[in-house]
Amino acid sequence: MSDGFALDRLVTGALNAAEMAAIAASALVGRGDKIAADQAAVDAMRTGLNATGMKGRIVIGEGERDEAPMLYIGEEVGTGEGPEIDIALDPLEGTSLTAKGMANALAVLALAPRGGLLNAPDTYMDKIAIGAGYPEGVIDLDASPADNVKALAKSKGVAPSDMTACVLDRERHEDIIESIRSTGARINFITDGDVAGCINAADPDGEADIYIGRGGAPEGVLSAAALKCLGGQMQGRLYFRTDDERERAKRVGIADLDRKYDLNELASQDCLFIATGVTHGEMVSGVTFGAGYVETQSLVFSSASGLRRVITTRRPHQS
């Protein structure tokens, strides 16, 4: 059995870890404390991962060992028995969304055989992503946003004004926004959650045709894992704000700090991608509580089997 299909055996444990993180974070929805919500998700996801039959290693996530109790880069998780697995994660993508009781907060993780996901520090990443069905190389991170929109529109056989770009609503993106709007294209702004933004751009039924912008590097690797399963193209480049971040990158083995990574370098082997809703969103429903039960909804993608599942789990819960 291939490593990719062996990954599918880990669905139950990995899904349980994402569900536990989502349920823990849901108790903090709308309470204005994003740090407490994030910590609750981290603690619950760690517990779930440590119960999973694997030799797991965090390769990109919440920081380094000195920043524990977050799930730090290099941390070993799992029972210590089973396949060697690399993990990218964001126990709570959308901490502000959760604190404010807004839509689209998720608990997210991706698994791949050892060496299958980019091992990088928790810094920023410039990203561009589209869905499947386009010629290879139609987008380029080094081209202007306007040129990327025009190239994609030409490939799609539509006018640039018929295109929609997904962009995080951040001051740092003013030049990107201006460039996109110069083509006449529309912009779908999101307040947080660029994993969902990249998936939206890769989904033929999504609201956006392309994702462009700078967000977290962990979310970039998670997005690449999702697109590895869904199909599409993506490029990313790490963006360093300080000399300390550059040194951290060198410590994990990144020699070329300016390297432009394509999808198959961000996620080089078969991937398992899981996202569980914390708050209700466009992709999945959030955590809901009923009489004696709690219900979650998750996306589960596998690049090896090609399966795409929406899984609703109901488990007993004592209020």
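## Strand E13 and its partner E14

In this predicted model, strand E13 is joined by nine bridges to strand E14 (residues 308-316), and the two run antiparallel.

E13 itself covers residues 293-302, and eight of its 10 residues are buried.

## Other neighbours of E13

E13 also pairs with strand E11 (residues 272-277), in the antiparallel sense and over five bridges. Here you can find Ala 275 opposite Leu 299 of E13.

Strand E12 (residues 288-290) is another antiparallel partner, joined to E13 by three bridges. Look for Gly 290, which has Tyr 293 in E13 as its bridge partner. E12 and E13 make a hairpin as well, with two residues between them, and Gly 292 in the turn has a positive phi of about 85 degrees.

## The two sides of helix H6

Now let us turn to a helix. In H6 (residues 174-181), the residues Ile 176, Ile 177, Ser 179 and Ile 180 are buried. They lie on the same side of H6 because they cover an arc of only 165 degrees around the axis. Among the elements that cover these buried residues are helix H5 (145-156) and the strands E6 (164-168), E7 (186-190) and E8 (210-216).

Conventions: Residues numbered from 1 in each chain as written. Predicted model: local features only at pLDDT ≥ 70, side-chain atom pairs only at ≥ 80, totals over all residues. Heavy atoms only, no water. Buried < 20%, exposed > 50% of the residue type's maximum accessible area, 1.4 Å probe, protein only. Helix = DSSP H or I, 4+ residues; strand = E, 2+ residues; numbered from the N terminus. Pairing = 2+ DSSP bridges. Arc of directions from axis to C-beta. Contact = heavy atoms within 4.5 Å.
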